[in-house]
Amino acid sequence: MTRTMEGKQRALVLFSGGQDSTTCLAWALARFARVDTLGFDYGQRNKIELACRTMILRKIRANFPPWAKRLGTDYTIDLSALGEIAQTALTDSTPIKTGDDGLPNTFVPGRNLIFLSFAAAIAHRDGIACLVGGMSQTDYSGYPDCRDATVKAIGRAMRLAMDSDVRVRTPLMWIDKAATWTLAEALGGREFVDLIIEYSHSCYLGDRVARHSWGYGCAECPACQLRAQGYDRYMRASTAPGKTLRSEDSEK
C-alpha cells in the first residue's frame with residue numbers, strides 16, 4: 001500500500017479526555033483503518049484530564065475489540081508555555097467569570113490554532129490525511145476558536161503552509177450536547193455512554209469526587225452545566241418514539 005493510500009485511511013484525533021473528544025475518537029474509530037490520538041499538557045489548571053485520557057484509551061483497548069484493532073499511537077505534547085502566556089481561569093486559580101469583552105475567562109487565546117498546527121505537523125510527517133476535533137458552535141462557551149468559520153480558516157492556512165491536503169473534520173460542529181450523547185450511543189451503545197460518564201472529564205474545577213448521573217464534576221461551572229443539561233435532554237429524548245439523530249460533520 002502506498003503512503004498516500006494509507007494516509008487516506010488514517011486519522012489523528014485531538015483527544016483531551018473530555019466528553020466531546022471521546023465521542024469524536026469513537027466517530028473516527030468507526031471510519032478509519034487506523035486512528036492516532038494527540039493530547040496537550042498546556043499548563044491547564046487541572047491535570048486530571050490527562051489522567052482521564054489515558055484511562056479512556058485503556059478502557060477502549062480492553063472493552064471494544066473492533067476499535068482496539070484500529071487504535072494507534074497516542075502522543076502528548078508539552079505546551080506549558082501556552083499556559084504561562086494565557087493566564088486564564090483554565091490555567092490558574094482565577095475565579096471563572098465573563099470578561100468585559102463578553103468572553104468567558106476560561107477562553108485560552110490561540111489554543112485551537114496551536115493545537116491544530118501541531119496536529120498538522122504530525123499528520124504531515126506520518127502521511128495522515130485527516131484531523132478530527134471536537135469543536136462545536138452549537139452548545140459551547142462562546143469560544144471564537146470553536147466556530148466553524150475559524151476552523152475552516154485554520155484548515156485552509158494549514159494546507160497552504162504545508163502544501164498538503166490535510167483536512168479537519170468536526171463531527172460535533174452542528175449538534176448540541178444532547179445529540180452528542182446520542183451520537184456516542186449510536187457509535188458504541190450504552191456501554192460506551194457509560195464509559196464517557198465514568199472516565200471522561202469536563203469540569204473546569206477538576207472535581208472527581210461528586211458523582212452525578214452524567215459523570216463527575218462540580219455541577220456549577222459552565223462545562224458541567226452544559227454536560228448535565230445535555231444528558232438530561234438525551235435521556236428524555238431516548239424514551240420518545242421515532243427520534244432520529246441530526247449529526248452534521250463539517251469538513252474543512
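Which residues does Leu25 touch, not counting residues up to four places away in sequence? Keep that in mind as you click around this predicted model.

**Stop one: Leu25.** Select Leu25 and show what surrounds it. You'll find Val13, Phe15, Val35, Thr37, Leu57, Ile60 and Leu71, with residues up to four places away in sequence left out. Now widen the view to the largest nonpolar core, which has 66 residues; Leu25, Ile60 and Leu131 touch the most other members. Helix α8 (residues 177-199) gives this core its largest share, ten residues. As a rule, nonpolar side chains in soluble globular proteins tend to be buried together.

**Stop two: strand β1.** Next, select residues 10-14. Five of the five residues in this strand are buried, so β1 is largely enclosed by the rest of the structure.

**Stop three: the partners of β1.** Colour β2 (residues 34-41), which runs parallel to β1 and is joined to it by five bridges. Ala11 stands opposite Val35 here. To get from β1 to β2, the chain passes through helix α2 (residues 19-29), making a right-handed β-α-β crossover. Then colour β4 (residues 130-132), also parallel to β1, with three bridges. Here Ala11 stands opposite Cys130.

**Last stop: Gly230.** Jump to helix α9 (residues 222-238) and pick out Gly230. Is Gly230 buried or exposed? Buried, with a relative accessible area of 0%. Beyond its neighbours within four places in sequence, Gly230 is in contact with Lys177, Ala178 and Trp181. Try the distance tool, too: Gly230 and Thr180 are 50 residues apart in sequence but 8.1 Å apart in space, C-alpha to C-alpha.

How values were computed:
Residues numbered from 1 in each chain as written. Predicted model: local features only at pLDDT ≥ 70, side-chain atom pairs only at ≥ 80, totals over all residues. Heavy atoms only, no water. Core = buried A, V, L, I, M, F, W, Y, C linked by side-chain atoms within 4.5 Å. Buried < 20%, exposed > 50% of the residue type's maximum accessible area, 1.4 Å probe, protein only. Helix = DSSP H or I, 4+ residues; strand = E, 2+ residues; numbered from the N terminus. Contact = heavy atoms within 4.5 Å. Pairing = 2+ DSSP bridges. Right-handed = clockwise from strand over helix to strand, strands pointing away.
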